[in-house]
Amino acid sequence: VRVAATPRISIAPSLLSSDFSRLGEHLRAAEDAGADLHHVDVMDGHFVPNITLGPPVVAAIRKATRAPLDCHLMIERPLAYAKAFAEAGADSITFHVEAKDPAREVALAIRALGKRAGVALNPDTPLDRVLPLLDVVDMVLVMSVFPGFGGQKFIPEVLDKTRRLRREVGWAGDIEMDGGINGETVAACAAAGANVLVAGTAVYGAKDMAAAVRTLRERAEAARGGA
Ligand code: DX5
Ligand code: ZN
């Protein structure tokens, strides 16, 4: 089936898998390798057990690159921090529907800050939870691992949500998938209708980053059937 409305494929390396002591160099390496944007994983030690980075690091990244920054907030209180990430230079801010703040309010707050809003859902969260939000977001992030750590195994059962959102609901906006995406799993994501493909280990862990990004893009484009 050809999905005519699917937006273009973007490859988004996840900074979480880069070497934080050489962040600037790694950002440039990912861009030279053909990355479209940088996926920035923010964890607060509450929504997920891990803690990663906050607005000061995003501000530093912003100074080091002009590429779009896709901030994935795995935090309990996105409403309290959206402004700080917007001011730090995020281009899109994605929050979790499972977070503690009212989702609609969070999305509207992000848009009021002039940023693209994304809503993420965990592997065990039904698609229905985000359907009432589609009029206030630009992107839906279908998590293909439970958030918290890089390098986990892709959960294929979530593909059904991506397929339903693209095909049955007819969502023409961005669908991002994140977690365990590599040369083997990327085709299924794109075939289901995802167009923003996050990859941490598969890009930053590759010996040849350019080859890794190229493989992801080629396999994704082939899988979506030229749509
Ligand atoms: C998981 C993060 C992902 C992760 C992806 O909590 O949201 O962005 O870093 O890493 P890989 O591609 O290694 O699964
Ligand atoms: Zn992420």
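Let's start at the ligand: in this predicted model, a polar side-chain atom of Asp-178 sits 2.6 Å from an oxygen atom of ligand 1. The protein covers 99% of the 370 Å² of accessible area that ligand 1 has on its own. Two further side chains join in. Asp-41 has a side-chain N or O atom 2.7 Å from an oxygen atom of the ligand, and for His-72 the corresponding distance to a ligand oxygen is 3.3 Å. There are 20 residues around ligand 1, and those that come nearest are Asp-41, Gly-148, Asp-178, Gly-200 and Thr-201.

An α-helix has 3.6 residues a turn, so residues three or four places apart point the same way. Just after α1 comes Gly-34, with a positive phi of about 110°.

Now take a look at helix α5, residues 159-168, where Leu-159, Lys-161, Thr-162, Leu-165 and Arg-166 are buried. Viewed down the axis of α5, they fall within an arc of 165°, and therefore line one face of the helix. Packed against them are β5 (116-121), β6 (139-143), β7 (174-178) and α6 (186-192). Following α5 is Gly-170, whose phi is positive, near 75°.

Note on methods
Residues are numbered from 1 along each chain as its sequence is written. Chains are lettered from A and ligands numbered from 1 in the order in which they are written. This is a predicted model: local features need pLDDT of at least 70, side-chain atom pairs count only at pLDDT 80 or more; totals for chains, interfaces and linings use all residues. Side-chain values use heavy atoms; hydrogens and water are left out. Buried means under 20% relative accessible area, exposed over 50%, partly exposed in between (1.4 Å probe, protein chains only). Helices (H or I, at least four residues) and strands (E, at least two) are DSSP runs, numbered from the N terminus. The arc is that of the directions from the helix axis to the C-beta atoms. Contact means heavy atoms within 4.5 Å. A residue is near a molecule or strand if one of its heavy atoms lies within 4 Å of it. A polar contact is a pair of N or O atoms within 3.5 Å; within protein, one must be able to donate a hydrogen and the other to accept it, and residues adjacent in sequence count only if both atoms are side-chain atoms. Accessible areas come from the Shrake-Rupley method with a 1.4 Å probe; for residues, only the protein chains shown count as cover.
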